[in-house]
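Subject: Structure handover and findings

Dear colleague,

I am handing over the structure below, followed by an account of what was found in it. Please read the account with the model open beside you.

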Amino acid sequence: MDEGVVTAPAPTAEPSPEPMAAPVRRRRVTGAGRVVRRRLLVAVPVLAATSMGMFALGAAAPIDPAQQYAGAAAVTTSEENLAQIRANWGVDDPLPVRYARWVGNLLRGDLGWSTSRHEPVADVIAARAGWTLLLVGTALALVLVASLLLGTLAAYRRGGWFDRALRAAAYAVQSMPVFWIGLAAIAVFALWLGWLPAGGLTAVTATSTEAADVAWHLVLPVAVLAISQAPWFVLFIRDAVADSLRDDHVLAARARGLSGRTVLFGHALRTALLPFLTLVGTHLPELVGGAVLVETVFSLPGLGGVTVQAALGADFPLLAAITLVTTVVVLAANLATDLAYAAADPRVRLDD
């Protein structure tokens with residue numbers, strides 16, 4: 001090499017950021033998978049305990065399934081025929097044998113035969129679950145939007161007339177049973193004012209199920225279910241936003257001269273949304289229970305009406321299937337809440 005000639009060192013390639021991004025994504029996906037696996041491990045014993053408890057209660061009921069199946073004909077049916085029905089169903093078998101047979105049929109997709117509806121339980125649930133999901137989903141969406149708006153405004157005007165009026169109304173509604181709210185709504189808006197239909201899913205003279213007709217008939221049931229569940233959410237958002245308004249980052253945002261709307265919805269409400277997600281997941285069972293009563297009051301063709309009918313008629317296969325389906329929905333909602341919480345707050349580690 002000639003003297004005086006300076007050779008520049010070869011440039012080193014900067015590390016590409018792509019190899020770092022993939023492991024991060026893999027960790028997040030792996031963490032979500034671990035949460036799902038943990039929830040499934042919890043769901044198995046929960047479903048087992050629920051089914052055992054239901055089966056034990058059903059076995060302890062003093063109602064003869066054979067006579068229940070025969071209905072009014074049980075009065076004239078001979079004892080030999082009733083005994084044959086019990087033998088065909090294995091009613092007189094030991095309790096563990098009956099439970100094992102029921103679980104085996106359940107795993108094969110056979111939910112049993114509804115003694116109150118006289119059709120397969122799977123057909124009953126398939127025909128009515130969609131209407132219940134529509135009622136619960138619409139009411140939940142309405143509750144979330146209304147509670148976020150009203151609770152946030154009440155927290156921003158804490159101690160004012162709107163805050164006091166909203167809290168008084170929430171406490172009053174919270175003390176009212178949902179069926180009473182439904183009956184009062186029918187008396188006022190359907191019978192007295194005549195604004196809305198009193199029940200059913202379509203008009204009496206309707207020959208088909210039209211979306212507009214269904215929506216019109218669901219206005220009152222959805223409003224009743226939403227109002228009955230709203231106090232919990234409204235009061236929670238009001239208190240959470242009021243606490244967030246005193247946090248350091250919110251006070252700093254105010255000091256920077258940001259508008260009140262930006263501080264309220266962009267900072268305080270975002271902080272309050274994290275615990276609000278947990279409330280939604282834990283409150284879902286009460287929402288489903290309220291839907292059962294609302295469907296009964298308004299004569300809707302959902303799972304609520306058949307649940308009450310099954311309870312009155314001691315229809316154990318239908319009651320057991322509806323209870324298990326509800327338990328699965330609640331467990332799935334809790335899982336979705338955990339995943340949504342982790343997605344909303346990056347500080348939450350899914351793989352812990």
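A cavity is a set of points, on a 1 Å grid over the protein atoms alone, where a 1.4 Å probe fits but cannot get out, whereas a pocket is an open set with protein on both sides within 12 Å along at least five of seven lines, and lining residues have an atom within 4 Å of a point. Grid points are joined across faces, edges and corners, and a volume is the space filled by probe spheres set on the points.

The model is predicted, so that local features need pLDDT of at least 70 and side-chain atom pairs count only at pLDDT 80 or more, while totals for chains, interfaces and linings use all residues. Residues are numbered from 1 along each chain as its sequence is written, and side-chain values use heavy atoms, with hydrogens and water left out.

Overall picture

The secondary structure of the protein chain comes to 12 helices and 2 strands, where helices (H or I, at least four residues) and strands (E, at least two) are DSSP runs numbered from the N terminus. Read from the N terminus on, the elements follow the order α-α-α-α-β-β-α-α-α-α-α-α-α-α. Of the 352 residues, 33% count as buried, with buried meaning under 20% relative accessible area, exposed over 50%, and partly exposed in between (1.4 Å probe, protein chains only). The accessible surface of the protein chain is about 20400 Å², and 66% of this belongs to carbon and sulfur atoms; such areas come from the Shrake-Rupley method with a 1.4 Å probe, and for residues only the protein chains shown count as cover. Among contacts (heavy atoms within 4.5 Å) with a separation of 6 or more, 70% are between residues 24 or more positions apart.

Nonpolar cores

A nonpolar core is a set of buried Ala, Val, Leu, Ile, Met, Phe, Trp, Tyr and Cys residues joined through side-chain atoms within 4.5 Å. The largest one has 35 residues, and those with the most contacts inside it are Leu-135, Val-224, Leu-225, Val-294 and Phe-298. Helices α5 (121-156), α7 (178-192), α8 (211-244) and α10 (260-297) each supply at least two of its residues, and the largest share, 11 residues, comes from α8. When neighbours within four places in sequence are left aside, Val-224 is in contact with Val-178, Ile-181, Gly-182, Ala-185, Val-294 and Phe-298. Apart from this core lies another, of 10 residues, among them Leu-303, Val-306, Ala-310 and Ala-321.

Helix α8 also holds Pro-231, which is buried at 4% relative accessibility. Not counting residues up to four places away in sequence, Pro-231 touches Ala-170, Val-173 and Gln-174, and its C-alpha atom is separated by 8.1 Å from that of Ser-147, 84 residues apart along the chain.

Cavity and pocket

The count comes to 1 cavity of 30 Å³ or more, and about 40 Å³ of space lies in the largest cavity. Its lining consists of Trp-131, Leu-134, Leu-135, Leu-201, Leu-218, Glu-295, Leu-300 and Gly-302, with α5 giving the most, 3 residues.

The second largest pocket has a volume of about 350 Å³; of the 19 residues that line this pocket, the closest to its centre are Thr-132, Val-288, Leu-303, Thr-326 and Val-329. Helix α5 gives the most to this lining as well, with 6 residues. Thr-132, which lies in α5, is buried with a relative accessible area of 11%, and, leaving aside neighbours within four places in sequence, is in contact with Glu-295, Gly-302, Leu-303 and Gly-304.

Aromatic pairs

The structure holds 4 aromatic pairs, a pair being rings of Phe, Tyr and Trp (its six-membered ring) whose centres lie within 6.5 Å, with planes under 30 degrees apart counted as stacked, over 60 as edge-to-face and the rest as tilted. The rings of Trp-102 and Phe-316 have centres 6.2 Å apart and planes at 45 degrees, so this pair is tilted. The pair links distant parts of the chain, since Trp-102 is in helix α4 (residues 95-107) and Phe-316 in helix α12 (residues 316-344), 214 residues apart. Trp-102 is buried at 13% relative accessible area, whereas Phe-316 is partly exposed at 23%. Together with Tyr-99, Trp-102 and Phe-316 form one aromatic cluster.

With kind regards
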